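Dear colleague,

I am writing to hand over the structure that follows. Please keep it open while you read the notes below it, as they go through what was found.

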Amino acid sequence: MKIYLAGTAVSKPKEEIKLQELFKQGCKLHSYFHCVDGFERKWFRMNTRNKVDLFLDSGAFSAKNKNIEIDIQEYIEFIKINEKHINCYANLDVIGNPKATLKNQKIMEKAGLFPVPVFHFGEDPELYLKPLIGKYEYIALGGLVVGANKRLIPWLDNIFKKYLLDKNMMPLIKVHGFGITSFQLLFRYPWFSVDSTSWVVTGRVGSIFIPRYKNGKWVYNEPPLKIAVSSKSPNLKEAGRHIETLSPRQKQIFVDYLNDKHYVLGRSEFVEKSQTYELQDNEKWAEKKPVDKKSKRLIEIIHEPGISNTYQLRDELNVSYYLEVEKALPEWPWAFAKEKKTLFS
């Protein structure tokens, strides 16, 4: 199974040599909508030069949330220009309108492209999923970010068992799962590939993933611990949620993991300065600018760079974690076994 790392590192690609190397070891999903400009465009260009295994999504979900309509002809042109660098690309789906999604599939195919068709949560599978089976080798399931697994699992169980699996519970077709962040969903279904933004979202809120540790080994096929490491984290006072509130045994496992991965926690000092203060090379503002111009503003003085004070290092560590998870996943194709007792039952 492939895990395409979605989302964008908001750092300059040329300065992130380690992150470049990590992306080359795995797979990356880029959103066309976000590739127009900004950091995602820069990372897309860098990843094409580095020959990373790339999946291009249209970004229809993000565009809809911003009330922006993606021009299908511009999307087609972008794919044609970059087709030799992209392993696969999705149809321009229209959220909530399966007829329009199907129309776009035909428009893209007429233009000489071979987009991965997308079927969404809540759509009629008899009308819009069943016709895809046998016609395509690879499809995608979208609209899966609907909240609790208790809504998704019954729906996915039905979709897989009725349409996507044979009598031996083996997959009939390659299936990509958009936005799969739950370990329960990740290991329950025989996906060919999935994508997730968890690596970057988790790092932005000041946290990292730590695998379970059993019998002297790091375990990557079980749900991880998500530990906050930032000194500004809202989890600072929650037991078991922040590095400062871990038990001695948990803290030792945390330190051992960092040592194994060759990272350090880092050390910072927080002081207040006037708003006119000029930051030094090892300093950064630790809070938003106060409305009152006379109020002082908190700065962070970084005495030792580490995962607690440098989000780029958290990005690296979380990408590294997902690369290990990908190795721990079953090799496709594998059988779906709902009734079998699992880690998540």
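On the side of helix 1, the contact is made by Lys 18, Leu 19, Leu 22, Phe 23 and Gln 25; helix 11 contributes Asp 315, Glu 316, Val 319, Ser 320 and Leu 323. By class, this contact has 5 nonpolar, 2 polar and 3 charged residues. Please note that the model is a predicted one.

Two packed helices are described by the angle between their axes and the distance between the axes. The next two pairs can be read in that way.

Helix 1 (residues 17-25) also packs with helix 2 (residues 38-49), where the axes come within 10 Å and cross at roughly 60°. Helix 1 and helix 2 are therefore oblique to each other, and helix 1 passes helix 2 in a right-handed crossing. Leu 19, Gln 20 and Phe 23 of helix 1 meet Trp 43, Met 46 and Asn 47 of helix 2 in this contact. Its residues divide into 4 nonpolar, 2 polar and no charged.

The other pair is helix 4 (residues 72-82) and helix 5 (residues 98-110), whose axes come within 11 Å and cross at roughly 45°. That angle makes helix 4 oblique to helix 5. The crossing here is right-handed. Helix 4 brings Ile 72, Gln 73, Tyr 75, Ile 76 and Ile 79 to the contact, and helix 5 brings Asn 104, Ile 107 and Met 108. Sorted by class, these are 6 nonpolar, 2 polar and no charged residues.

**Pocket and cavity**

Rolling a probe the size of a water molecule over the atoms shows where empty space is left. In this model, the largest pocket holds about 1000 Å³ of space.

The largest cavity has a volume of about 40 Å³, and its lining consists of Ile 3, Ile 180, Thr 181, Phe 183, Leu 186, Val 194, Ser 196 and Tyr 322. By class, the lining of the largest cavity has 6 nonpolar, 2 polar and no charged residues.

**Two points in the backbone**

Most residues other than glycine have a negative phi, and most peptide bonds are trans. Lys 51, in the loop between helix 2 and strand 3 (53-57), has a positive phi, near 60°. Trp 332 and Pro 333 are joined by a cis peptide bond, with omega about 0°. Pro 333 lies in the segment after helix 11 (311-328).

Yours sincerely

Definitions and conventions. Residues numbered from 1 in each chain as written. Predicted model: local features only at pLDDT ≥ 70, side-chain atom pairs only at ≥ 80, totals over all residues. Heavy atoms only, no water. Axes fitted to C-alpha atoms, helices over the stretch in contact; angles between N-to-C directions. Helix = DSSP H or I, 4+ residues; strand = E, 2+ residues; numbered from the N terminus. Parallel < 35°, antiparallel > 145°, perpendicular 65-115°, else oblique. Left-handed = near helix turned anticlockwise from the far one by under 90°. Contact = heavy atoms within 4.5 Å. Nonpolar A, V, L, I, M, F, W, Y, C, P; charged D, E, K, R; others polar. 1 Å grid on protein atoms, 1.4 Å probe; cavity = no way out; pocket = protein on both sides within 12 Å on 5 of 7 lines; lining within 4 Å. Points joined across faces, edges and corners; volume = space filled by probe spheres on them.
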